[in-house]
Amino acid sequence: MVASPLALEITKDLTIPKLFLSQCRKYGDRKVAMREKEFGIWRPFTWQDYYDNVKYLCLGMVSLGLQKGDKVAMIGDNRPEGLWAEMAALCAGGVGVWLFQDCMMEEVKYIIDHSDAKFFVGETQEEVDKALAIKDQCPKLEKIVWDDPKGMRNYTHESLISMKELQKLGRELDKKDPGLFERVIEQGHGDDICLLFYTSGTTALPKGALLSHWNMLTMGRNLMSVDPCYDTDDFVSYLPFAWIGEQMMSISCGLQIGYTLNFPEEPTTAREDIRQIGPHVMFAPPRLYEGMTRQVQVKYIDSTWIKRKIYEFATKVGYKVANCRFEKKPVPISFKFLHWLAYAAMQKKLKDHLGMSRLRHAYTGGAAMGPDHFRFFHALGVNLKQIYGQTEIAGISIVHRDGDVKFDTVGTPIPETEVKITEEGEILSRSPSVFQGYYKNEEATRKTLIDGWLYSGDKGFIDEDGHLVVFDRSKDVMTLSDGRPFSPQYLETRLKFSPFIQEVWVIGDKRPFITAVICIDYPVCGKWADERKLNYTSYQELSQKPEIQELVRKQIVEANKDLPTPAKIHRFLNLYKVFDADDEELTRTSKLRRAFVENRYRLIVDGLYSEDKIVHMDTTITYEDGREQRIKTDLHIMDV
Amino acid sequence: MTHLPAPEEGETILRLENIHMFFGRVAALAGVDLEVRKGEIHSIIGPNGAGKTVMMNCINGLYKPQKGRVYFKGQDITHLKPHQRAELGLSRTFQKIELFGGMTVLDNIRLGRHIHLNSGVLSGSIYLGKTKREELQSRKFIEEEIIDLLEIESIRNQTVHMLPYGLQKRVELGRALALEPELLLLDEPLAGLNLEEVEDMARFILDINEEARWKVTCILVEHDMGVVMDISHRVFVLNFGNKIVDGTPKEVQSNQEVIKAYLGEEDLYASRR
C-alpha cells in the first residue's frame with residue numbers, strides 16, 4: 001500500500017469545489033465515495049453520484065438566487081444529503097454555516113440572524129419547524145430546503161422547497177446553460193471564505209469564525225502528511241458537521257485522500273454501524289472514548305468469573321506493554337509472548353466490539369482527556385493520539401506522532417505550524433490555517449489575532465521533548481489554598497474514569513478546600529442499584545440514595561490518591577440532573593460552562609462551603625422543545 | 001401541523017348493528033350501533049367499564065355478540081373468526097401488550113405478515129422462486145415502511161421483553177401494521193406512556209391515517225382526552241353499554257349528557273396528566 005498522493009497541489013488558486021471536481025473526474029463511477037445505511041442495508045454512492053447530486057443542488061441554489069458569499073445554514077444528522085448541500089453551497093461560491101442538530105430555537109435564531117443566512121437546509125420536519133418558527137424574525141432568510149418527506153404532507157409555506165424540487169430546478173438550469181456548474185466553480189479562489197463556524201463559547205454568545213478554502217485545505221494536507229491515509233480507507237462520519245473535527249475529516253482530509261465516508265443509519269445505531277464498517281481512522285471528542293471505556297468497564301463487572309480473570313490478565317499485560325512504549329523502552333521478550341496471548345484472548349475481540357479492529361489512527365480532541373482513559377486505550381493496543389487546535393486554526397495545530405505518544409501532552413506541531421508560549425503562559429500558534437477573523441466582530445478578532453498569531457486563551461508549556469502540555473483554559477485555572485495554580489479539568493477527567501460518574505464540576509478557586517458537584521451515570525448507577533434491590537423512580541431520587549452517595553465517595557477517595565492535600569476533594573454532592581447543553585450548562589461540544597453553572601448553582605456552592613448538610617433547591621429545567629419544569633429537591637452534602 | 005379535515009361522506013368501512021353482549025346477566029353492550037367511514041379516526045371513549053374493549057373485541061372477533069351484526073366493507077363478518085377477519089384487512093393492538101417477549105422486534109413484526117406469505121413448503125425449503133420473491137418484498141416493506149415510520153432502527157434486533165414499555169407499544173403497532181390493514185383497532189395505545197412517547201405515538205397514528213402510503217382507517221379507544229379531541233374526526237361516547245353520542249369532537253364536547261355522565265364538571269380538555 002502506498003500513500004495516495006494528494007489529488008492536487010494546494011495553491012492559493014485551489015478551492016474545495018475545484019478539488020471536489022478533480023476527484024470526481026478521477027474516480028467517476030469506479031469508486032464508492034460514500035455509503036449510507038438505510039433500511040438496514042449499506043447503500044453506496046459513487047463519486048459520479050456524489051457529483052450529480054451536488055451539481056444539481058448547486059445549480060438549484062443558483063437558480064433561486066444564491067450568489068457568491070451568501071450564507072447557507074444547514075442542520076441535520078450526518079447523512080450524504082447534508083454533505084451534498086454543503087458542497088453545493090461551496091460550489092456556488094456560498095459559505096456553509098452548520099448548526100448543531102439539537103440547537104434550541106434561540107440558538108438557531110441567533111445564528112441564522114447573525115450569519116445573514118439566505119438559505120436554510122434542514123433534514124426533517126423537526127428542522128423545518130425550527131426554521132419556520134424563526135422565519136419572521138430573520139428577514140434575510142429566503143428559502144427553506146428540506147429533505148425527508150415524512151410528516152411534511154401538510155406544509156405549504158411559500159418559502160419551503162424540497163431537495164428533490166431544488167435539484168429539478170438545477171437540472172432545468174443545466175439544460176438551459178450547460179457547463180454553468182464548472183464555470184461557477186472556476187470563479188472560486190483559495191482566499192474566499194468557505195465556512196462560517198459558530199464556536200461554542202464557554203462564556204459568551206457564540207462567535208462566528210471565518211475559514212477560507214486555503215485554511216481548510218492546508219490543514220488537511222498538513223495532517224495527512226503526518227498520518228497518511230489511503231483512498232482504500234473507510235471513515236465513519238457520525239459526529240455533528242457543526243464540529244470542526246468532523247469537517248476536517250469528512251471534507252478537508254476526505255476530499256484530498258478520497259477515502260470512503262460512511263454514514264450511520266441513525267445516531268442511535270452509530271455504535272453498531274461503526275462496528276460493521278471497522279474504520280481505519282477515527283476522530284472524536286473525549287466523551288465518546290469515555291463512553292466506550294465506561295461500556296467496557298460495565299460489561300466487565302457484569303461478566304462471568306473466568307471472563308473477568310482473562311480480562312484482568314490481558315489488561316495487566318496491556319498496561320505493562322503500553323508503559324514500555326510510553327517510556328520508549330523495548331518490550332521484554334517474555335512480555336512479547338504474553339502480549340500475543342492477551343491479544344488473542346481478549347484484545348482482538350474487544351477491539352472488534354468497539355469497531356476498532358482495523359483502526360490505524362484514533363484521534364481525540366476538542367476537550368481534555370484524562371490520562372487514565374488514554375492509557376486504557378493504549379493498553380488495548382489502540383493507537384490513540386491527542387489533537388490540539390481550535391476552530392480558529394481550522395481544527396488542528398498539534399498532534400502526537402506515532403511512537404512518540406505521551407499521555408499527559410498533546411504532541412508536537414504539524415508541518416507549517418509554529419507554536420509558542422507567552423510570558424503569561426498562553427499558547428499561541430501560527431500557520432496557513434489560521435482563520436480570517438470573526439464575522440461581524442472586529443473587537444474579538446483584534447484580541448485573538450495579533451500579527452498572524454492566534455491567541456488561544458489556553459494555558460500551557462512546552463516540555464523537554466518539545467511536546468505541548470495544555471494546562472487548562474487560562475480563565476479556569478484555579479488557585480489552591482496554598483497559592484499553587486491548579487487545573488480543575490485534571491481532577492474532573494480523573495474522576496470521570498469511574499464508570500459511575502458521568503459529569504463532574506470541581507470548585508475551589510481561592511477557597512479553603514476543593515469541592516465537587518457530581519452527576520452520576522444513570523444507567524450504570526441504576527443497574528448497580530437494581531442489583532442491590534434499591535428502589536428508585538427517577539434520576540433525582542437515585543442520586544440522593546445514601547448507598548449511591550457512598551459509592552461516589554469511594555470513587556472520589558480513589559481519585560484523591562497520590563494528590564497533595566490541598567488538591568484533594570473534601571466535600572461533594574450529587575446533582576439531581578445531568579449537566580445539559582439545552583440548559584446552557586454545557587457547550588454543544590459538551591464543555592462545562594463554569595461561569596454559567598457557578599451562577600446558576602450559587603446555592604450549591606454556598607452550601608458546599610458552609611456547615612450545612614443539606615441544600616434546598618428550587619429551580620426549573622428546560623426540555624428540548626422549550627417547555628420548562630420546576631424542580632424542588634433537597635441535596636445532601638457528603639464529606640470525603 | 002394542521003390535521004386533515006374529516007373525509008367527505010365516504011363509504012362506510014365498518015358497521016355495527018344493534019350489538020348486544022352479555023356476561024352472565026351483565027349487559028356489557030346493550031344494542032350499540034356504530035358506523036365508521038373510510039379514512040377517519042373514530043375514537044371510542046367512556047368511563048372505565050363502559051364496554052369499550054368489549055366493543056373492540058366484538059369488532060375483531062375475539063367475542064361473538066349474542067345479538068346484532070358486524071359488517072366490514074359491506075360484508076357480514078359476524079360469524080368470522082379473528083384470523084379470517086385479519087385476512088380481510090382488520091388489525092389491532094391490545095391494551096395490555098400482547099407481544100412474544102422472547103422474540104426480537106423484527107421477528108414480532110414479521111409475524112404480522114404471515115397472511116401475506118403464501119408460498120409452499122417445497123419452495124420454502126429451497127428458498128427459490130416465490131418464497132424468495134415474497135421474502136424480499138416482505139423485508140423491503142418492513143424496513144422501508146414500518147421500521148422507518150416508527151423509528152425503531154436501533155432496536156430491530158433486540159428481544160422485546162428487554163425493551164422499555166413505550167417501545168414495546170411501538171413494536172405492537174408495527175406488528176399490527178405489518179398486516180397492511182385497512183382498518184386498525186387501537187386499544188389504549190397511549191396508556192402508560194410518558195409525555196414524549198405520547199406525542200410520538202399520536203404523530204404515528206396521524207401518519208398512518210393521513211400518509212398517502214397508508215390511509216388506514218383507525219378506531220381508537222383512549223383515555224387521553226387531549227389527544228382524542230385533537231386527532232379524532234369523530235368521537236363515540238359509550239356509557240354502561242349504551243351509546244350516549246356519536247359526533248365530531250366539538251359536538252361531543254358541548255353535549256350536556258356527556259359532560260354529566262362522563263366528565264363530571266371538569267373541563268373536557270383536562271386530560272389525566
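Visitor: How many residues does the contact take from chain B, and how many from chain A?
Guide: This is a predicted model. In it, the two chains contribute to the contact as follows: 10 residues come from chain B and nine residues from chain A.

Visitor: Which helix gives the most to the side of chain B that touches chain A?
Guide: Helices α5 (129-150) and α7 (195-210) of chain B each supply at least two residues of the side that touches chain A. With three residues, the one that gives the most is α5(B).

Visitor: How do the residues on that side of chain B divide into nonpolar, polar and charged?
Guide: The side of chain B that touches chain A includes residues from α5 and α7. Its residues divide into one nonpolar, two polar and seven charged.

Visitor: What radius of gyration does chain A have, against that of a compact globule?
Guide: The C-alpha atoms of chain A fill a box of roughly 75 × 60 × 55 Å along the principal axes. For 640 residues, a compact globule would have a radius of gyration near 26 Å. The value for chain A agrees with this, at 25 Å.

Visitor: What share of the residues in chain A is buried?
Guide: The secondary structure of chain A comes to 21 helices and 28 strands. Among its contacts with a separation of 6 or more, 66% join residues 24 or more positions apart. Of the 640 residues in chain A, the buried share is 46%.

Visitor: Are helices α8 and α9 of chain A roughly parallel or roughly perpendicular?
Guide: Helix α8 (residues 213-226) and helix α9 (residues 244-257) of chain A have axes that come within 9 Å and cross at roughly 70°. An angle of 65 to 115 degrees counts as roughly perpendicular. Therefore α8(A) is, relative to α9(A), roughly perpendicular.

Visitor: How many nonpolar, polar and charged residues does the contact of α8(A) with α9(A) have?
Guide: From α8(A), the residues include A:M216, A:L217 and A:R221. They meet a set in α9(A) that includes A:M248, A:I251 and A:Q256. By class, the contact has nine nonpolar, three polar and one charged residues.

Visitor: Is B:L238 buried or exposed?
Guide: B:L238 is found in strand β9 (residues 234-239) of chain B. A residue counts as buried with 20 or more other C-beta atoms within 10 Å. B:L238 has 25 C-beta neighbours inside 10 Å, so B:L238 is buried.

Visitor: Which residues is B:L238 in contact with, leaving aside its neighbours within four places in sequence?
Guide: B:E35 is 203 residues from B:L238 along the chain, and their C-alpha atoms are separated by 14 Å. Leaving aside neighbours within four places in sequence, the contacts of B:L238 are B:I44, B:G46, B:A50, B:G51, B:K52, B:M55 and B:K243.

Conventions: Residues numbered from 1 in each chain as written. Chains lettered and ligands numbered in written order. Predicted model: local features only at pLDDT ≥ 70, side-chain atom pairs only at ≥ 80, totals over all residues. Contact = placed C-beta atoms within 7 Å. Helix = DSSP H or I, 4+ residues; strand = E, 2+ residues; numbered from the N terminus. Nonpolar A, V, L, I, M, F, W, Y, C, P; charged D, E, K, R; others polar. Rg over C-alpha atoms; globule rule 2.2 N^0.38 Å. Buried ≥ 20, exposed ≤ 12 C-beta atoms within 10 Å, placed from the backbone. Axes fitted to C-alpha atoms, helices over the stretch in contact; angles between N-to-C directions. Parallel < 35°, antiparallel > 145°, perpendicular 65-115°, else oblique.
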